[in-house]
Amino acid sequence: MTTDSMIPPARHAAQDHFRTLRLASPFQPRLEALGRQEDWYTWAGYKAPQSLWDEELEFFAIRSQAAVFDISPMVKYRIEGPDAEAYLDRLTLRDVTKLGVGRVHYTAWCDDEGHVLDDGTLFRLAADRFRLCCQERHLPWLLDSAIGYDVAIEEETEAVAGLALQGPTSWVVLRDAGFAGSERLKAFDLADFPHEGGSVTVSRTGFTGDLGYELFVPAGAALSLWDRLFAAGRVHGIRAIGYAALNRARIEAGLIVANADFATAEHAVRADRVRQPDEIGLGFMIDAAKAGHYNGRRAIEAARRNKTLRRILVGLEIEGNVPAEHAIVYHRAKKEVGLVSAAIWSPTAKRNIAIASLERPYGDTVVDDLWVEIYAMRELQYQKLMKRAKVVPRPFVKLARRTASPPGIF
Amino acid sequence: MKTWDAIVIGAGHNGLVNACYLQRAGLDVLVVEKNDWIGGAAVSRSLTPGFLYSNCSYVCSLFRPEIMRDLELPRYGLQVIPYEGGAVFTQDGDYLANYRDYDAHRREFARFSKRDAEAYDRYARDVTRQCRFIQPLLLRTAPDPTSFRPRDLGELMYLGKKFAGLSAEEMALTLRFWTMSIADFLDEYFETDVIKANFALSGIIGTALGPMSPGTAYVLLHHYMGEVDGSVGAWGFARGGMGAVTRALADSFRASGGTIRTEAEVSRVLVRGGKAGGVVLANGEEVRGRFVVSNADVKRTFLKLVEEKELPQTFLRRVKNFKIRGSSGKVNIALDSMPEFPALPEGSPCLQADMHFTDSIERMERAYDDWKAGRWSADPFIDMVIPTTLDPTMAPPGKHFMSCFVQYAPPKVEGREWTDADRDGFAESVISQIAAYSPGFRERIVHMEVRTPRELEAEVGLTEGNIFQGELTFDQLLFNRPVPGYAQYRSPVGGLYMCGSSTHPGGGVMGAPGRNAAAEILRDLKRGIKDMSGAHDVI
Amino acid sequence: MTSSDAIDVVVVGGGHNGLVAAALLAKAGRKVTVLEAADDVGGAARTEAFAPGFRVSALAHVLNRLHPDVVRELDLARHGLTLDAGDTPSVALAEGGDALILHGAYGERLSGASKTEAEAWNGLRAQLFRYAGMLKLFLARRPPDLSGMSMGETASLAKAGLSLRRLGREDMRDFLRMLLMNVTDVLDEHLEDRRLRGLLAFDAVLGCHLGPRSPTSLLGLYNRLTGEIGGRPGAQALPKGGMGAVTAAIARAASAAGVTIRTGATVARIGVDKGRVTGVTLAGGEEIRAATVVSGANPKTTFLDLVGTRAVDTGFVRKLGNIRMKGDAAKLHLALNRLPAFHGVPVETLKGRLVIAPSDEHVERAFNPSKYGAFSPEPVMEITIPSLSDPSLAPAGAHVLSAVVQYAPYELREGWEAGRPKLLAAIMARLEAHAPGIGNSVLASELLTPADIERRYRMPGGHWHHGELQADQMLMSRPVSGWSGYDTPVEGLYLCGGGSHPGGGVSGAPGMNAARTILAMRSK
């Protein structure tokens, strides 16, 4: 027992973290200024807006103008080294040897049993440098996966701030903010642009199914980036939004969220909750011809071969206009066959849509005569509705501007 | 002379739980207690004016909520307040805190290791999985694997099906939990010494094993399978000290018509024709009962209270071989002001929970080496709490009660009985460790109660001072507890039952042995057990 | 350069298990090549010269568990193995007093014990053998796969259950109670003689990072008692010609069955393509293609070094990394110019196994420092003088002393360069106490620490069993859960060494079980 001086300074300095249970994002001052609703929720330990001023209008900002959503709380890992490509190729489902420098892809990674640990986006920043963005934390898994590879892995969630700029006018905002050359970014491209003597990484990616970009800067340059976008965006209807609006857009785009639409394998306390990629609609990531081994390959291929996949994730279109969130799905209105994990009335498609997990063969080979039972609470009484549901392809909303090249002013 | 339906020996928490259920089932029950106070090792006593001590057990988690509810204990004053923080002080002047908030907890671990911070989820998942597997077994009678009776076969099938229902990964995990040392187990998740020490302590509390001994991973589970209001693994303080548990039980018991006699030490169980028919008290008085339930440990019950001739040789041999080595002591301290721990920042919630000074597995293990050699630990492991930071009923305002659970303390000192000088030396090892982290600590001490295994045995009747009434190793768990062939609360003597922590599922202030024994007794009496809840669902 | 692809099976490593697997596969008609990095086969079961004119069994020096099925199926007698336990007693030395001698197969008779102690021992001995017999049922088969049991597996487990029932009720109860107990508690229940307790405690923890008080340590004693020689359970022998003679016989059986044995052939890589094994590459670059590769190497070596982590899943790598395999035993070889005299030991029993473990408490105390990376200041050990039964091992009149010494942790905090001479001095002090003057008769000595053993025999951690043989690393958890059946996540690649069930020691059982598994898979 001696004095404080023996404590490593960084560890000592961090002692006080307990006074602030929710971290402020690097953009927090700007969000606070706009957050008229004071409607915050906790996202990965950060204080994040559920809604800033009007949930519904925030959604229309995505579909009609340019919406800014703070993605700083997203967990980020920097993966760097001569073996980074080989390492990620073994770690993740998709073929990383086919991911060019300056490209991004949506991927997922599994444990030995082929159960999905998480999904996320992989950014190839250089031949030997990547960024992996995801919902959950995986450092032990990432480090243990690095045994036998010359690669360094660094968790950089707090160090890197991120913004999603999404919507029809998002590109023109970029252009007017001086991101010269941003018009050359095709969907899933990324490039660095100068900012404040440093740089900002801009990728043409997003979680809305719309034209959009994601921008990453060192946390210290966060506010100036925000101000730069808002200055340019004023005339293009730029608005900051909260998660509720984003969630509507992502459901329309048919995108899934870890631990909302499926349980991640290292967190599932109930062992039957884990899912293979083919069970949550990520089967497209699996390439039987991929040359390299990847985690879970044995199990995934065996499940396909032996037809032991038990579940399937589908898009549903449901009669009527009452959202079916967390409704039970039935076959012939009798047999319970699954659960809706996300549902909204889609303002863009004018359809009642849902994402659901069903027990095969329902949703796979048996797609007729499916029903959902909706319990709609109305003035302290449940209105119980049994509604027909039809399996439909995702995305529910497909916008040409998402991939238009060059991007225009929509 | 009155003949009671049931006589329960010992007013500890299990004896009282048992008595409550029997009384509520319509029996006429007498509890006899040797001390002039009730509660056994779940007791709050005032030994110095203004202060109330939790003299033995000191925190609450394991007590089954099904029992609290069945016996209406909240109506009789039982309240459990969850912990707020907790810390392990490190030798470099820092500390590792345990925060209730998920993200604060992670950030605190990240101060020491980012990897460990992110490893916690998988660890928590695995521990939770295993607790969920075990929890439903707590309120069931263990089957006799050598028996062909339908009930035993049924229970064996239940266990087999439950195990077979696990995934391959969970099966492997179960085997690991039952056979590994907590040190090896934690090595598979964490890299930082203090973080491992922080978890390992649950693997050794009350146990005559070090963290490197196989089997301690199970002991950790034993301390995790409790809950506070549905929060599995959480611990809390009983408001008014642990005596609040037994006080509520006693009040519930009396309210349903039960009788408790204190200062009524049992010297012998009356056995006639192989059947128990009452007890003889130390003063020679005979009290008759149709059957007798002993809350005393299995050694005390059968080696002291029952004559040898009444017992089969095999049973006697097994009882003699029952392992009940004490491993811990207790130092209860009245403080005239709140002690300062300069390592903790102002406003830290860590003071409102359990604090420790053992920051590595190695120090814990070395403390155990002392025990093996028959000495109390020179550098002891202390589980220290100051309940008065959350409970205003145990000390005058501004003053505090501090409870220190101390490991290791052997049942005998280098083969001989403890002396008063040994006791003082033991206490000094504790005080000096605390004082090293809390300047001016000694000066705040108003009064101190020191209990080595000698005092635990003499006062509470725990043989060799073992707080669990028997070690929690595989050879003494489930159908082996207390001894093979007699793991269903019955004994070779007709009408003599066991209901203490010596029986399944073991020690801690859990109440499950008392409840399960009552279920078996009522079954033998062909009475319904409709007022007894089954285990809450684990969903 | 690529050699002919007419090879069915490549066996990596010519240790005794690799040779057993090779021989059995060849007898079933497979074309098998064994690749051994060293100049001679045998691995750690070799007889080596350590000083001019002095030879000794390299690591294991007492034969007590060579599986009878191996002896029979390979007809080892015909290939020159003479298995005669004779009277190879175990001798529990007592400093300054008479030794206690266990005659016959693990103490059928005791000399030097009181009558009551001898009776107590007879009872305990019989009980231990009955219970070890239960575990013996599991030696010659792959561990049960709890999560996906076949009919055959269920049937054989049911058979084990039946045998358990057949023990009788009280015995069954004690079996279940004692299964995971520590050996000291069991000794407390039965025995008093410190020498006997010391010897049993020593045998229980030999080769393990456990003390006699550690729960589950009784399993080590059971494991010892599952062995047999010539049908005598618990018997032991010092093979003529050293342990190398045993491997030589197995090698001859293999050659006779048509196995090609190549020495000086170091496997650098095991090739894998799309999850299937393709063959091996030697250090010189030569490629040998084979549809089946059987590795007698350590599981960690096999996957982390030879296959490489890139071809297997992270969870599997994690499990391999979690296998505890830090050796805790050293091996001492002394060249002596005369036969040493041990206190209280009749000269005719010197050809047995001498154990310095004065009491179980002493063994426990010796264990303590090893938990913290220090060797025992008063180590415990098992000594043989093989030159007594086989004079060819030493020049005329001279003798060889071989000792397995505990505890000597692989990760010695001060490092083995500094630690080795200190450990040697500590061992010599113990020897001197029991055999005064022995120090003056030493012509040459060799002390192999776990670090040396790791280097010399390619055993990671210098661990004799290729992984701690403790409850959580046995049966379906050996080498790792999910892959305990000799097959691996790489199709066509099998493990056959001591890292697999039932573990290390010169038993040949892992090799035999692996071969049986391969043959059963192919015939499906």
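In chain A, residues 24 or more positions apart account for 68% of the contacts with a separation of 6 or more, where two residues are in contact if their C-beta atoms, placed from the backbone, lie within 7 Å. The structure is a predicted model, in which local features need pLDDT of at least 70 and side-chain atom pairs count only at pLDDT 80 or more, whereas totals for chains, interfaces and linings use all residues. Residues are numbered from 1 along each chain as its sequence is written, and chains are lettered from A, with ligands numbered from 1, in the order in which they are written.

Chain A contains nine helices and 19 strands, these elements being DSSP runs numbered from the N terminus (helices H or I with at least four residues, strands E with at least two). The radius of gyration of chain A is 22 Å, close to the 22 Å that the globule rule gives for 410 residues, so chain A is as compact as a globular protein of that length; the radius is taken over C-alpha atoms, and the rule is 2.2 Å times the number of residues to the power 0.38. The C-alpha trace of chain A spans about 65 × 55 × 50 Å along its principal axes. Of the 410 residues in chain A, 49% are buried, a residue being buried if 20 or more other C-beta atoms lie within 10 Å of its own, exposed if 12 or fewer do, and partly exposed in between, with C-beta atoms placed from the backbone. Val367(A), located in the loop between strand E17 (351-359) and strand E18 (370-377) of chain A, counts as partly exposed because it has 17 C-beta neighbours inside 10 Å. The C-alpha atom of Val367(A) is separated by 9.7 Å from that of Val392(A), although the two residues are 25 residues apart along the chain.

The domain assignment of chain A gives domain 1 (26-74 + 158-252) and domain 2 (271-392), the bounds coming from an automatic or database domain assignment. The C-alpha centres of these two domains of chain A lie 30 Å apart, and their contact takes five residues from domain 1 and eight residues from domain 2. On the domain 1 side, helix H3 (55-64) and helix H8 (243-252) of chain A each supply at least two residues, and H8(A) provides the largest share, three residues. By class, this side of domain 1 of chain A has two nonpolar, no polar and three charged residues, where Ala, Val, Leu, Ile, Met, Phe, Trp, Tyr, Cys and Pro count as nonpolar, Asp, Glu, Lys and Arg as charged, and the others, Gly among them, as polar.

For chain C, the assignment gives domain 1 (9-44 + 242-323 + 463-523) and domain 2 (109-229). Their C-alpha centres lie 29 Å apart, and the contact takes 18 residues from domain 1 of chain C and 17 residues from domain 2 of chain C. The side of domain 1 of chain C that touches domain 2 has nine nonpolar, seven polar and two charged residues.

An open sheet of five strands in chain C has the order E10-E2-E1-E14-E20, with parallel pairing; two strands pair if DSSP finds at least two bridges between them. Its edge strands, strand E10 (260-262) and strand E20 (493-495) of chain C, each pair on one side only. Within chain C, strand E1 (residues 9-12) and strand E2 (residues 32-35) pair in the parallel sense over four bridges, and the bridge partner of Val12(C) in E2(C) is Leu35(C). Strand E11 (residues 267-273) and strand E12 (residues 276-282) of chain C pair in the antiparallel sense over six bridges, with Val267(C) opposite Leu282(C) in E12(C). E11(C) and E12(C) form a hairpin with two residues between them, and Lys274(C) in the turn has a positive phi of about 45°.

Among the helices of chain C, helix H6 (residues 183-190) has the buried residues Val183(C), Thr184(C), Asp185(C), Val186(C) and Leu187(C). These buried residues of H6(C) pack against helix H5 (169-178), helix H7 (194-205), helix H8 (218-225) and helix H12 (360-371) of chain C.

Between chains, 29 residues of chain B are in contact with 29 residues of chain C. H6(B) gives the most to the side of chain B that touches chain C, with six residues, and that side divides into 11 nonpolar, nine polar and nine charged residues. The contact between chain C and chain A takes 13 residues from chain C and 14 residues from chain A. Helix H11 (residues 314-322) of chain C contributes the largest share of the chain C side, five residues.
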